[in-house]
Amino acid sequence: MANVAVIGAQWGDEGKGKVVDWLASRADLVVRFQGGHNAGHTLVVGNVTYKLSLLPSGVVRGKLGIIGNGVVLDPDALLAEIAKVGAQGLSVTPENLRIAENVPLILPLHPALDKAREAARGEDKIGTTGRGIGPAYEDKVGRRSIRLCDLAEPETLSAKLDELLLHHNALFRGLGAPEFEKQPLLDALLALAPKLLPFAEAVWERLDTARSEGKRVLFEGAQAVMLDVDHGTYPYVTSSNTVAGGAAAGSGVGPDAVGYVLGIAKAYTTRVGSGPFPTELHDETGRLLGERGREFGTVTGRPRRCGWFDAALVRQAVKLGGVNGLVVTKLDVLDGLPELKICIGYEVDGVRMKRLPAAQGAQSRATPVFETLPGWPGSTMGARSYGELPAEAVKYIRRIEELVEAPVVLLSTSPERDDTIMMKDPFAG
């Protein structure tokens, strides 16, 4: 049986949480390999709704959760999330959660810098969550991060804070923002050490052992391919590599261990924050999709922008992300619409293109080329087989497969975990 990596195939918020939860019941370990607490997964289990940002979704199903080194970790956010799910009856301890000892930490100065920069950008702001994700990744590649393992070495921690503040306070002065003092940061980190260090380990060793024992590993991505720092709609992207290749580097395994790559896409398209969105709808249909789909960010609460399914975009994500099979979610949101549109390409300055261009200006000028399909009068809500779907809904899915050049292997027809149609078992490889 193969390992499975789950990634978003649009701009995030595609319903990865439900899919990971559904797959986690058959996995042995679930690994978060990139992102931070700017990502959010909503899991509905019976009458309980869990909103997770850092915790791997598998912990809800009693599986071992791992936070990999590719994540940037806010200690306070993690402890608050553990307390929150604890109040819902879910105990998270070092027995069911392990954290890479070399994971970089998000400190209070990181969100402060994030917000100060966004304020300085004015109307040109990127639309970050303001949670310090980008600045934390900058420190990682700048080789000045405070990592979880540093909390066990007070002298090392003190020296690294000196270097970190030398860099950041210069930025704060330039932005006209308050500077940070060393001692409060050092005291706070030393107080966190006994709470966090029991979770720390060399997770790459655990994953290597799991592989030798034939255990199934589920790699859980955050955000989506079109928010990848290299391949997304730059600069309106996240600060990490969201493609499946990031699962290897972000958890400490070889690329051959990632396994089957499952891409998640909604039956329409949404986006949170700023940036290009060729198929965005500003009319009644866009409002209807948002209302029916309950399109609000899990982490931010911001309303999501809504539009028609962009097959050209998803095809691009399939190629870039190494997607083997696609999951289509929220098909039921389209129930009853008289007609549907699918973007099959773009026109940019009079030139027809099958992909979204890389240049920022060209992206903003891209207009969609649509194909129109009939809607369906019946309901897809809760369907658990293709035979329960209206014929037009099946045709819609088949057309998506043709356009994105990938098979639809799972279909989600409601937020409920078991309302899922499976055409292929991802764990079968």
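In this predicted model, helix 1 (16-24) and strand 17 (408-412) each supply at least two residues of the lining of the largest cavity. That cavity holds about 50 Å³ of space, and a search of the whole structure finds three cavities of 30 Å³ or more. Sorted by class, the lining of the largest cavity comprises five nonpolar, two polar and one charged residues.

From the cavity we turn to a pair of helices. Two packed helices are described by the angle between their axes and by the distance between those axes. For helix 5 (residues 154-175) and helix 6 (residues 182-196), the axes come within 10 Å and cross at roughly 140 degrees. Angles over 145 degrees would count as roughly antiparallel, and helix 5 and helix 6 are therefore oblique to each other. Their crossing is right-handed. On the side of helix 5, the contact is made by Pro154, Leu157, Ser158, Leu161, Asp162 and Leu165, while helix 6 contributes Lys182, Leu185, Leu186, Leu189 and Leu190. Taken by class, the residues of this contact between helix 5 and helix 6 divide into eight nonpolar, one polar and two charged; Ser158 is the polar one, and Asp162 and Lys182 are the charged ones.

Conventions
Residues are numbered from 1 along each chain as its sequence is written. This is a predicted model: local features need pLDDT of at least 70, side-chain atom pairs count only at pLDDT 80 or more; totals for chains, interfaces and linings use all residues. Side-chain values use heavy atoms; hydrogens and water are left out. Axes are lines fitted to C-alpha atoms, for helices over the stretch in contact, and angles run from 0 to 180 degrees between N-to-C directions. Helices (H or I, at least four residues) and strands (E, at least two) are DSSP runs, numbered from the N terminus. Angles under 35 degrees count as roughly parallel, over 145 as roughly antiparallel, 65 to 115 as roughly perpendicular and the rest as oblique. A crossing is left-handed if the near helix is turned anticlockwise from the far one by less than a right angle, and right-handed if clockwise. Contact means heavy atoms within 4.5 Å. On a 1 Å grid over the protein atoms alone, a cavity is a set of points where a 1.4 Å probe fits but cannot get out, and a pocket is an open set with protein on both sides within 12 Å along at least five of seven lines; lining residues have an atom within 4 Å of a point. Grid points are joined across faces, edges and corners, and a volume is the space filled by probe spheres set on the points.
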